Amino acid sequence: MSDTIERPPVVSVAPAPGARGSVGVGEVRKGGWFVRITILIVVLIWLIPTVGVLITSFRPADLVNTTGWWTVFAHPFRIASWTLDNYRVALDAGGLKNAFMNSLAVSIPATVIPITIAAFAAYAFSWMEFRGRFILFVAVVALLVVPLQMAVIPILRMFVSGASFFGIRTFPDLDLNGTFLGVWLAHTGFGLPLAVYLLRNYIGSLPSSIIESARMDGADHFTIFWRLIVPLSVPALAAFAIFQFLWVWNDLLVAYVFLGGTRNVQVLTLALAGLNGSRGETWQLLTAAAFISMALPLVVFFSLQKYFVRGLTAGSVKG
Amino acid sequence: MSASTGGPGVEAETFEEAPLSGSALILRIAATIVVAVGVAYLLSETFGFLRSRDANRALVVLVAIVVGVGGVFFLFWGMNTLVDWMPARFREHVRPYVFVGPALVILSIFLVYPVINTILLSFKDSRGQNYVGLQNFKFVFTDGSMLRSIRNTLGWMVLVPAVAVSIGLAFATLADRLRRGEALAKSMIFLPMAISFAGAAITFRLIYSFRPQGFGSNIGLLNGVMLGLGQQPVAWLQQQPWNNLYLMVIMVWMQTGFAMVVLSAAIKAVPDEILEAARIDGASEFQVFRRVIIPSILPTIVVVTTYMVINALKVFDIVFVMGNTETSGTEVVAERMIYWFFIGANSGRGAAIAVVLFVAVIPVMIANVRRFREEESIR
């Protein structure tokens, strides 16, 4: 997932009554050898690229450049054919350590900020009465399709020199370019439409009796939101948080445009792209760097897989 | 809308406070100003620190995270408190706008304004100063490289979704029949979704790598296979027009998992009774698949395919990081846009390409809103 990849769409997979769970109850004819072998072959094909990167990143430079990575399977236990140096070099000389920290500084707030803002808006769209509620909500959903590329340049200009419309100054020059705040805000803007849409679906489907009884007890909207809605919405919030985090972490375009590629502030994807261009043939460093950039997404993905899949089939979060 | 029942239409006035005395009001206003000035000062100091080049990087990062995460909570809490201080009459009329306000402000700055601005730019010259009419659009539809990029993008839009959805559907159907290991098999296919394009590009360069004779041995997997078969190594990414297909493989690799997971959820939602009824009537497994499963999950297939078509329309990074697109003939529309904005230094042309992209997505926007209205009427 990265720049050109839109955030996931909202797919309604309405579970029909009597839907099967993940464990069949013995009704389906379970597959025989054909199924198992086909699945195994596809899985192997899908894993080959990643395995190639992983193996290459642990091989010494001279071996990487003379033999293909698959040759390690001939003598997998020869100590001389493995090394950790690539990671050491990539982290220090390659500037990956710095980039890793910058990626964290971009990704964590750029995940929390849009979710918070979207959750408040979703609550208002679901449970508060105000003028223009429906129109505003439809407008937000319609913005889902604005291509990121279309928005980037005008925002960059605005960050650099303020904005003016037909000669009238509408936005002051805040000198936001190259700052974390600028990237957070940009990611927030691009992530909001989907976040508002998904969260409104979920928050709006919570039983109204809970909210009514809380209001009877004299709770105000802020308290209801904070004490009641947020805890109840954890699955939806978590699902979106994972998406947003992976999206921001893997993003290249927004970081490149708003934060820039200077070594001090560059994020992981930029460092990686830089290595890819400037050191085309230093495979051992490139692969080590690639794996460093994949590490956190993979951890997030495997530890929170349940929420991740639930988020993909969003709409059924309506439950 | 069920939502309206819980709304403030039934707003109770029972919590009305006693009106404030004059001095207390002044005190409150003064306190507000002091707090606001203090916060503003603190913020400007913090951002100055975050921008300084010689500060300890780890500390900067830590402060950035704390400020970013804490700031947004503080924003809402502060605004809500300000609303609480207002006269009770206005309070509940203002509060909804405090809740949706930040979202609307950010959206208008980051999405609405840029769209208008880009449309204006597309009618101006390379530096965005004078209007030049439709010249930029004429360029988009006549320039050789642009036409090639449109051809390639159409290829991406047809082939990537078709292949990814087919494999995803087949895999989801088969994995559904595994006795065990379904979750594991699915997450292996899904894994590339967690990888960035920059990472994927490196991953696949390792597969397509080519070295001409005399420039070292070929360490790319595909050429390893070619040599193993006794063939000559091939410069995969220079083979026009096939190199476009090789790049599309990367996107298929990354996106199939998405199609697979969503379709798998849809397949599992097909009611058992229907499947069993079909089997009892003597339908073969393939017939069950074609006549029962496919029709019931058709809406999901349509949505997933649409989503992938849009993604393919906007594909950029894969071709961008894989090298010079003009010499290898792998241009795509979104990549041309970035090229003209940043490298070609012609904002008019870049904006015109962006507008073309936007117009291409508008039908989807209409479908999206229509679908939302339908869902809304069901609620």
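Biologist: Before anything else, what is meant by a nonpolar core here?
Modeller: A nonpolar core is a set of buried Ala, Val, Leu, Ile, Met, Phe, Trp, Tyr and Cys residues joined through C-beta atoms within 7 Å. Please note that this is a predicted model.

Biologist: Which residues of the largest nonpolar core touch the most other members?
Modeller: They are A:Ala118, A:Ala121, A:Leu199 and A:Ala289, out of 197 residues in that core. Helix α4 of chain A, residues 96–127, supplies the largest share, 19 residues.

Biologist: And what is A:Ala289 in contact with, leaving aside its neighbours within four places in sequence?
Modeller: A:Ala289 is in contact with A:Ala90, A:Gly94, A:Leu96, A:Ala271, A:Leu272 and A:Leu275.

Biologist: Changing topic: what is the domain assignment of chain A?
Modeller: The assignment gives domain 1 as 31–77 and domain 2 as 84–318. Seven residues from domain 1 of chain A and seven residues from domain 2 of chain A make up the contact.

Biologist: Which elements give two or more residues to the domain 1 side?
Modeller: Those elements are α1 and α2 (61–66) of chain A. The largest share of that side, four residues, comes from α1(A). By type, the residues of the domain 1 side divide into four nonpolar, two polar and one charged.

Biologist: On to chain B. How many helices and strands does it have?
Modeller: Chain B has 15 helices and zero strands. Of its 379 residues, 40% count as buried.

Biologist: Which elements of chain B have the lowest and the highest mean pLDDT?
Modeller: Helix α1 of chain B, residues 22–51, has the lowest at 71, and helix α5 of chain B, residues 144–175, the highest at 90. The mean for chain B is 78, with 85% of its residues reaching 70 or more.

Biologist: Where does pLDDT stay under 50 in chain B?
Modeller: That is residues 1–17 of chain B, for which the model has 23 contacts beyond four places in sequence. Where pLDDT is low, the predicted coordinates should not be read in detail.

Technical notes. Residues are numbered from 1 along each chain as its sequence is written. Chains are lettered from A and ligands numbered from 1 in the order in which they are written. This is a predicted model: local features need pLDDT of at least 70, side-chain atom pairs count only at pLDDT 80 or more; totals for chains, interfaces and linings use all residues. A residue is buried if 20 or more other C-beta atoms lie within 10 Å of its own, exposed if 12 or fewer, and partly exposed in between; C-beta atoms are placed from the backbone. Two residues are in contact if their C-beta atoms, placed from the backbone, lie within 7 Å. Domain bounds come from an automatic or database domain assignment. Ala, Val, Leu, Ile, Met, Phe, Trp, Tyr, Cys and Pro count as nonpolar, Asp, Glu, Lys and Arg as charged, and the others, Gly among them, as polar. pLDDT is the predictor's confidence in each residue, from 0 to 100.
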